[in-house]
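User: I would like to learn to read this model, one feature at a time. Please start with the aromatic rings.

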Amino acid sequence: MISAIIIEDEKPAARRLKKLVSQLDIKVLKTLHSVSEAINWFANNKQPELLFLDIQLSDGLSFEIFEQIQIKSAIIFTTAYDEYALKAFKLNSIDYLLKPIDQSELETAVQKFKTQAKSNTYDVEMIKNLFLNNMNQHDYKERFTVKVGDHIKLFQTSNIQCFYSHDKATYLVNELGKTYVIDQSLDELNTQLNPEQFFKISRKFIININYIKELVAYSNSRLRVVLKANVEEIPIVSREKVKDFKNWIN
């Protein structure tokens, strides 16, 4: 059985990936959620044969792990950033999985690992530069269109105070607090929005920093975000996101 480690900051995504890979004769030794956690684990444990590595973690890019630890495991990168993967990874024959991860693509990547050398031969610095170069060319979404009856409304991204999900639907909330259903998921939106302006505070909410009125202490070391216009759902910063959120607003 192949030994593996999953490094993924979104815990639901990590649990799903663990379930999928466990069906492929792979034993997941540990699931890690941040750069710092990964560095600490690798410094004190034997490396696995295979590493499923999310590129962008809550406390930085996963390439920072390689700056302190010599990784010998084979790597299958995971990313929500389609354009980065297509431009940088695919052209350089680097294995990656685009989130949300498809079972058949996962099986193909694992089969490729089984039939090739079981060691990391990648030039990590080259991969990092490919990713950063493509990220710097990223054009963030400047407007959204929403169909309302026979009309199509246009919203400038800068005038959207938040996005949230509820009952399997995603909603856009404008500067007046009016709510509209949109087609994209929060994960998709998170790749389209400028991270200097928007932050995914939980699995349910992405908020615009320019519409934060105040922050209020909430239960279990969380924070409640009060926006300039009322929202039906209450924006709560999840406990694992509080530290990064505070750094972001500062």
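Analyst: Begin with a cluster: ring pairs link Phe-144, Phe-163 and Phe-198. Rings of Phe, Tyr and Trp (its six-membered ring) pair if their centres lie within 6.5 Å; planes under 30 degrees apart are stacked, over 60 edge-to-face, the rest tilted. Keep in mind that this is a predicted model: local features need pLDDT of at least 70, side-chain atom pairs count only at pLDDT 80 or more, and totals for chains, interfaces and linings use all residues. Residues are numbered from 1 along each chain as its sequence is written, and side-chain values use heavy atoms, with hydrogens and water left out.

User: How many aromatic pairs does the whole structure hold?

Analyst: A search finds ten. A pair of aromatic rings is described by the distance of the centres and the angle of the planes. Take Phe-63 and Phe-77: their ring centres are 6.3 Å apart and their planes stand at 45°, so this pair is tilted. Phe-63 lies in helix 3 (residues 63-68) and Phe-77 in strand 6 (residues 74-79), so the pair ties together parts 14 residues apart in sequence. Helices (H or I, at least four residues) and strands (E, at least two) are DSSP runs, numbered from the N terminus.

User: Are Phe-63 and Phe-77 buried or exposed?

Analyst: Buried means under 20% relative accessible area, exposed over 50%, partly exposed in between (1.4 Å probe, protein chains only). Phe-63 has a relative accessible area of 2%, so it is buried. Phe-77 comes out at 0% and counts as buried too.
A second tilted pair joins Phe-199 and Trp-248, with 5.1 Å from centre to centre and 35° between the planes. Phe-199 is in strand 13 and Trp-248 in helix 8, 49 residues apart, so this pair links distant parts of the chain. Phe-199 is buried at 13% relative accessibility; Trp-248 is buried at 16%.

User: Which charged residues sit over rings?

Analyst: The test is NZ of Lys or CZ of Arg within 6 Å of the ring centre and within 35 degrees of the ring normal. Lys-141 lies over the face of Phe-144, 5.1 Å from the ring centre. The charged end of Lys-228 sits over the ring of Tyr-211, at 5.9 Å from its centre.

User: Now strand 6. How many of its residues are buried?

Analyst: In a regular strand the side chains alternate between the two faces of the sheet. In strand 6, six of the six residues are buried, so the strand is largely enclosed by the rest of the structure. Ala-74, Ile-76 and Thr-78 are buried on one side, and Ile-75, Phe-77 and Thr-79 on the other.

User: Which strands pair with strand 6?

Analyst: Two strands pair if DSSP finds at least two bridges between them. Five bridges join strand 3 to strand 6 in parallel, and Leu-53 has Phe-77 as its bridge partner. Strand 6 and strand 7 are also parallel, over three bridges, with Tyr-96 in strand 7 as the partner of Phe-77.

User: What is the strand order of that sheet?

Analyst: It is an open sheet of five strands, 2-1-3-6-7, with parallel pairing. Strand 2 (26-32) and strand 7 (96-98) are the edge strands; each pairs on one side only. Strand 1 (residues 2-7) and strand 2 share six bridges and run parallel. There, Ile-5 has Lys-30 in strand 2 as its bridge partner.

User: Which strands does helix 1 lie across?

Analyst: Helix 1 (residues 11-21) lies across strand 1, strand 2 and strand 3 (50-54), at about 165° to strand 2. Helix 2 (residues 35-44) packs on the sheet as well, touching strand 1, strand 2 and strand 3, and makes about 125° with strand 2. Axes are lines fitted to C-alpha atoms, for helices over the stretch in contact (heavy atoms within 4.5 Å). Angles run from 0 to 180 degrees between N-to-C directions.

User: Back to helix 8. Which of its residues are buried?

Analyst: In helix 8 (residues 242-249) they are Val-242, Asp-244, Phe-245 and Trp-248. Seen down the axis, they fall within an arc of 160°, so they line one face of the helix. The arc is that of the directions from the helix axis to the C-beta atoms. Lys-243 and Asn-247, on the other side, are exposed.
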